[in-house]
Amino acid sequence: MHLLRCECVRDELRIVSVQLSVVLAVSLLFWLVYPVKPNELYAVLYGGSISLVASVVMVLRVRQAISKQGSKAQYLYLGAFERLLITIASLGIGMGWLNLPPAQMIVGLVIGQVGFMIGGYKTKN
């Protein structure tokens with residue numbers, strides 16, 4: 001069980017690190033290719049960070065579900081609800097309070113999710 005737990009932690013770290021790398025690489029590419037304002041670059045990074053936070057919440061809830069006895073589904077549903085709530089609230093804060101451009105935030109959020117999929121695919125193989 002301990003060996004399985006170590007492999008899971010390594011896989012989780014790999015997925016999140018790939019996700020972070022993709023978000024940073026696309027943000028850098030976005031900054032180099034397009035003449036963007038700093039506010040737009042911050043929006044892409046902010047959207048990517050929303051995706052990263054949602055992934056970390058998912059990792060924590062999956063770990064909690066694995067370690068608990070009984071109904072594990074409630075922890076997974078709770079994690080999905082928390083991720084949705086975090087995403088909606090963070091997008092609202094970004095657009096309303098921080099005045100970040102919504103299109104760039106969504107681009108960052110989507111790029112973060114693509115990084116998550118790439119990390120999951122690399123971990124699977």
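Predicted model: local features only at pLDDT ≥ 70, side-chain atom pairs only at ≥ 80, totals over all residues.

Colleague: How many helices and strands does the protein chain have?

Modeller: The protein chain has four helices and zero strands, and its elements, taken from the N terminus on, run α-α-α-α. Of the 125 residues in the protein chain, buried ones make up 33%. Among contacts between residues at least 6 apart in sequence, 71% join residues at least 24 apart.

Colleague: Why is H2 called roughly antiparallel to H3?

Modeller: Helix H2, residues 38-67, and helix H3, residues 73-96, pack at an angle of about 165°, with axes 9 Å apart. Angles over 145 degrees count as roughly antiparallel, and therefore H2 is described as roughly antiparallel to H3. The crossing in which H2 passes H3 is right-handed.

Colleague: Which residues make the contact of H2 with H3?

Modeller: On the H2 side they include Tyr46, Ile50, Val53 and Val57, and on the H3 side Tyr75, Leu76, Ile86 and Leu91 are among them. Taken together, the residues of the contact of H2 with H3 divide into 14 nonpolar, five polar and three charged.

Colleague: How do you know that Ser51 counts as buried?

Modeller: The cut-off for buried is under 20% relative accessible area, and Ser51, at 1% relative accessibility, therefore counts as buried. Ser51 is found in helix H2, and, leaving aside neighbours within four places in sequence, Ser51 is in contact with Gln19, Leu109, Gly112 and Gln113.

Colleague: What makes the pairing of the Ser51 and Gln19 side chains a polar contact?

Modeller: A polar contact requires a pair of N or O atoms within 3.5 Å, one able to donate a hydrogen and the other to accept it, and the side chains of Ser51 and Gln19 make such a contact at 2.8 Å. The side chain of Gln19 is also joined to that of Ser55, by a polar contact of 2.9 Å.

Colleague: Is Ser55 buried or exposed?

Modeller: Ser55, which lies in helix H2, has a relative accessible area of 4% and is buried, since the label applies under 20%. Apart from neighbours within four places in sequence, Ser55 is in contact with Gln19 and Phe116.

Colleague: Why does Asp11 count as partly exposed?

Modeller: Buried would need under 20%, and Asp11 has 23% relative accessibility, so Asp11 counts as partly exposed. Asp11 has its place in helix H1, residues 2-33, and its C-alpha atom is separated by 8.7 Å from that of Gly119, 108 residues apart along the chain.

Colleague: What makes Asn99 exposed?

Modeller: The relative accessible area of Asn99 is 53%, and exposed means over 50%, so Asn99 is called exposed. Asn99 has its place in the loop between H3 and helix H4 (102-124), and has a positive phi of about 55° although this residue is not a glycine.

Notes
Residues numbered from 1 in each chain as written. Heavy atoms only, no water. Axes fitted to C-alpha atoms, helices over the stretch in contact; angles between N-to-C directions. Helix = DSSP H or I, 4+ residues; strand = E, 2+ residues; numbered from the N terminus. Parallel < 35°, antiparallel > 145°, perpendicular 65-115°, else oblique. Left-handed = near helix turned anticlockwise from the far one by under 90°. Contact = heavy atoms within 4.5 Å. Nonpolar A, V, L, I, M, F, W, Y, C, P; charged D, E, K, R; others polar. Buried < 20%, exposed > 50% of the residue type's maximum accessible area, 1.4 Å probe, protein only.
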